[in-house]
Amino acid sequence: SNLTGEDGRQSSDNFSEAFLGEVAVPVAAPAPVVAPPAAPRAVGKSDRATIPATREKVDVQYELQDLNNIRFAEGELQNRDRSRPQTQQFLRRFTSEFDAEGLGEDRSTDRGAPIISKDNTILSGNGRTLGLEEIYDNYPEQAEAYRQFLREQGYDIEGVERPVLVRRLMSDVDERKFVVGSNEADIAALSPPEQAAQDAKDILTPGVLSKFNGGDLKAAKNDAFISAFLAELSSQQRENAMDDKGKVSAQALKRIENALLYKAYGGSGRASDIFISKAMERTDDDTKTLTNSLVDVSKDWIKFQQAIEAGEIDKKYNITNKLMESVGTVSDIKASGNSVAFELRSPDMVEPMDPFVRDILLAFHNDDVSRILSRKAIADKLRAYTEVAANQQPEPDMFGKAETPTARDIWKRIDG
């Protein structure tokens, strides 16, 4: 919007104009001023710490900070969903078993005093810092025990509202890799969806994915893919991925399946992430059948999603959220002890089922909805959908207007 300044000259919200003769030259508005990180209240010794996953050593500097000046990590520097119930379980354990010395000096990056970046963002120890925040807010006795621990370490905490001992990372390293490597054996283990999201980003690179041939992970055609995935793990994780016979363990295969699931179907919205969590964490037969089908067709679905992002396929054909809602609905129904047929015959009048989700549910079952289809039959339908959607070209109607069928129309067509 345009504004008039005190001198009567017109200006803009986004830029001002410097007049040189009759030519108006736009001058960029100054960048917003970002406050520098708070200086430490005291500086302790320099030390070295080891990243568990890589055994790489980094330089750190111990500092006394005010907890109010420490920033929690977000985005790619936070590989945990702190809204999950596990966080509350961790906080209860942390506060009831609080050990001040556990937040002191340590030669590993995954333990001890939290590690912060140059701008005071936590790189390792988000959970520990969250627990300390809870201590200061609600547990005065534990808070005083921690303050006394800091005094005994020689730090003057007078005048510091919520003192905290941290280590500032001094080495020049890739912060994302540091976060992942430092959380390999953290006090709050990654849930399957969190691990899947991390693996999908860090391990399932184009080079690794190119070796995946679709279908059953245990098939010989995917041996090279399994090897490529395992090669990206730390040496300790690779050892843990093998069973006592020297073969890839069922747990490791499940981790790879989850990574493929997230790469293909996750990250497309909150609803998608909720439903994909159910697909990963529940173990009833129908949910497992659907999950296996999704894994089998994940290579096709990843390419399908990439084509949509590139503008090669109309984005209206992206039904990932509908698909995940369908999987989650089956899982919820099985967990409640009911059948899909019963739920479809007894619709919820308060929160009616999405018609498209209903279509997908019906397509995944036999005609009387008494049993779910086979893994292969479901995978074939999903693969057929991607192929038909990819080949859509606008066709003029009787009035000359170019139209393409809706996603639901295509689904009904492939369902026969």
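**Sheet.** I looked up the strand order first. Five strands, E5-E6-E9-E7-E8, form an open sheet with mixed pairing. I count two strands as paired if DSSP finds at least two bridges between them. Helices (H or I, at least four residues) and strands (E, at least two) are DSSP runs, numbered from the N terminus. Strand E5 (42-50) and E8 are the edge strands, and each pairs on one side only. I then checked E7 against strand E9 (residues 163-169): they pair in the parallel sense over 2 bridges. Ile116 has Arg168 of E9 as its bridge partner.

**Ground rules.** The model is predicted, so I note that local features need pLDDT of at least 70 and side-chain atom pairs count only at pLDDT 80 or more, while totals for chains, interfaces and linings use all residues. Residues are numbered from 1 along each chain as its sequence is written, and side-chain values use heavy atoms, with hydrogens and water left out.

**Helices on the sheet.** I traced H2 next. H2 lies across E8 and E9 and runs at about 120° to E8. H3 lies across strand E6 (57-66) and E9, at about 55° to E9. Axes are lines fitted to C-alpha atoms, for helices over the stretch in contact, and angles run from 0 to 180 degrees between N-to-C directions.

**H2 against H3.** How do helix H2 (residues 126-138) and helix H3 (residues 140-152) pack, at what angle and how far apart? I find an angle of about 120°, with the axes 6 Å apart. From H2, the contact (heavy atoms within 4.5 Å) is made by Leu132, Ile135, Tyr136 and Asn138. H3 brings Pro140, Gln142, Ala143, Tyr146 and Arg147. I sorted the residues of this contact into 6 nonpolar, 2 polar and 1 charged. For that sorting, Ala, Val, Leu, Ile, Met, Phe, Trp, Tyr, Cys and Pro count as nonpolar, Asp, Glu, Lys and Arg as charged, and the others, Gly among them, as polar.

**Positive phi.** Asn120 has a phi of about 70°. Asn120 sits in the loop between strand E7 (115-116) and strand E8 (122-124). Is Asn120 buried or exposed? Asn120 counts as buried because its relative accessibility is 0%. Buried means under 20% relative accessible area, exposed over 50%, partly exposed in between (1.4 Å probe, protein chains only). Val369 also came up, with phi near 55°. Val369 lies in the loop between helix H15 (355-363) and helix H16 (375-390). At 12% relative accessibility, Val369 counts as buried.

**Cores.** A nonpolar core is a set of buried Ala, Val, Leu, Ile, Met, Phe, Trp, Tyr and Cys residues joined through side-chain atoms within 4.5 Å. The largest one has 65 residues, and Tyr265, Tyr385 and Trp411 have the most contacts inside it. Helix H9 (residues 250-265) gives the largest share, 9 residues. I also noted a second, separate core of 27 residues, which includes Ile70, Phe94, Ala113 and Ile157.

**Trp411 and Arg413.** Beyond its neighbours within four places in sequence, Trp411 touches several residues, among them Ile319, Phe356, Leu382 and Tyr385. Arg413 is in helix H17 (residues 407-415). With neighbours within four places set aside, Arg413 contacts Val388, Gln392 and Pro405.

**H7.** Last, I listed the buried residues of helix H7 (residues 223-231): Phe225, Ile226, Ala228, Phe229 and Leu230. They pack against helix H5 (192-202), helix H6 (206-209), helix H8 (235-240) and H9.
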